[in-house]
Amino acid sequence: ALVLVISVSLVAGTLAMYVIEIDDLAEGSVVAKEFILKPGDTNTFAENVKIAPGETVDWTFSVKNHDEGIVSETAMDLYFAIDLDDAGEKDAIEPLVVTVKDENEDDITLAQDSGSGVWTFTDEFALSETGQEKTYTVSIAWPWEGTNDIAYAGAGHATAVKVSVTGTQATPTPEP
């Protein structure tokens, strides 16, 4: 009997198990942040603007990171491309020079893809709770050099100007 009591006690004590289950201890979800890049409220570009040697044409445009109170919730890198190409069936006006200024009238350094007529520059929208808009001025100048300008005169020559922008989420900087 003593052996039976000891055996039952050992088996009961060593095989006993406690179980507690907590349902729905924690819950959550994720929602995508807003990512907004739109044309701004400024665009003065026009078609068939006439230009001659010694003249400059200025156009202004803007981009923004908000839409009717909804603001982009990430910092953004901006990549701009200004494409000069022949217009339709006309030959391009080759001597033209492109410059860009930001809203503070500071010159922006342009990287030109030689041979393709594409000038590029970058900027950014910092993370902010308020919407931002950036304005740029594109100047197309025909320098007064007198060298072979007559070769580009007349209705047979025209240059189309196109501006495009790509926005990408800025890479987060790691915290120390």
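A residue counts as exposed when its relative accessible area is over 50%, and as buried when that value is under 20%. Anything in between is partly exposed. Keep those cut-offs in mind for the tour. The model on your screen is predicted.

**Stop 1: colour by confidence**

Colour the chain by pLDDT. The average is 88, and 92% of the residues score at least 70. Where is confidence lowest, and where is it highest? It is lowest in α1, with a mean of 69. It is highest in strand β2, residues 56–64, at 97. Where pLDDT is low, the predicted coordinates should not be read in detail.

**Stop 2**

Find α1 at residues 2–15 and β1 at 38–43. Now select D24, in the loop between α1 and β1. Is D24 buried or exposed? Its relative accessibility is 63%, so D24 counts as exposed. Look at its backbone too. D24 is not a glycine, yet its phi is positive, at about 50°. Most residues other than glycine have a negative phi.

Stay in this part of the chain and select I20, I22 and L25. These three form a nonpolar patch on the surface. Together they have about 410 Å² of accessible area. Pick out I22, which sits in the loop between α1 and β1. I22 has a relative accessible area of 58%, so it is exposed.

Next, select F35, also found in the loop between α1 and β1. F35 has a relative accessible area of 40%, so it is partly exposed. F35 and D67 are 32 residues apart in sequence. In space, their C-alpha atoms are 10 Å apart.

**Stop 3: salt bridges**

The model has 4 salt bridges. Visit three of them here.

K38 is in strand β1 and D67 is in strand β3, residues 66–67. The pair links distant parts of the chain, 29 residues apart. K38 has 31% relative accessibility, so it counts as partly exposed. D67 is partly exposed too, because its value is 28%.

Now select K64 and D41. Their side chains meet in a salt bridge, at 3.6 Å from N to O. K64 lies in strand β2 and D41 in strand β1, so this pair ties together parts that are 23 residues apart in sequence. D41 counts as exposed, because its relative accessibility is 63%.

Move on to D107 and K101. This salt bridge has its closest N and O atoms 3.9 Å apart. D107 has 60% relative accessibility, so it counts as exposed. K101 has a relative accessible area of 31%, so it is partly exposed.

**Stop 4: another positive phi**

Go to the loop between β3 and β4, where β4 covers 70–71. Select E68, which lies in this loop. E68 has a relative accessible area of 78%, so it is exposed.

**Stop 5: a buried phenylalanine**

Select F80 in strand β5, residues 76–86. F80 has 2% relative accessibility, so it counts as buried.

**Stop 6: the largest pocket**

Rolling a probe the size of a water molecule over the atoms shows where empty space is left. The largest pocket has a volume of about 720 Å³. How many residues line the largest pocket? There are 29 in the lining. Select N48, V49, H157, A158 and T159, which lie nearest the centre of the pocket.

Then colour β2 and β11. Each of these strands supplies at least two residues of the lining. β11 covers 159–169. Which element gives the most to the lining of this pocket? β11 does, with 4 residues.

Note on methods
Residues numbered from 1 in each chain as written. Predicted model: local features only at pLDDT ≥ 70, side-chain atom pairs only at ≥ 80, totals over all residues. Heavy atoms only, no water. Patch = residues over 30% accessible without salt bridge, like charges linked within 9 Å, V, L, I, M, F, W, Y side chains within 5 Å. Areas by Shrake-Rupley, 256 points an atom, 1.4 Å probe, with all protein chains shown as cover. Buried < 20%, exposed > 50% of the residue type's maximum accessible area, 1.4 Å probe, protein only. pLDDT = per-residue confidence, 0-100. 1 Å grid on protein atoms, 1.4 Å probe; cavity = no way out; pocket = protein on both sides within 12 Å on 5 of 7 lines; lining within 4 Å. Points joined across faces, edges and corners; volume = space filled by probe spheres on them.
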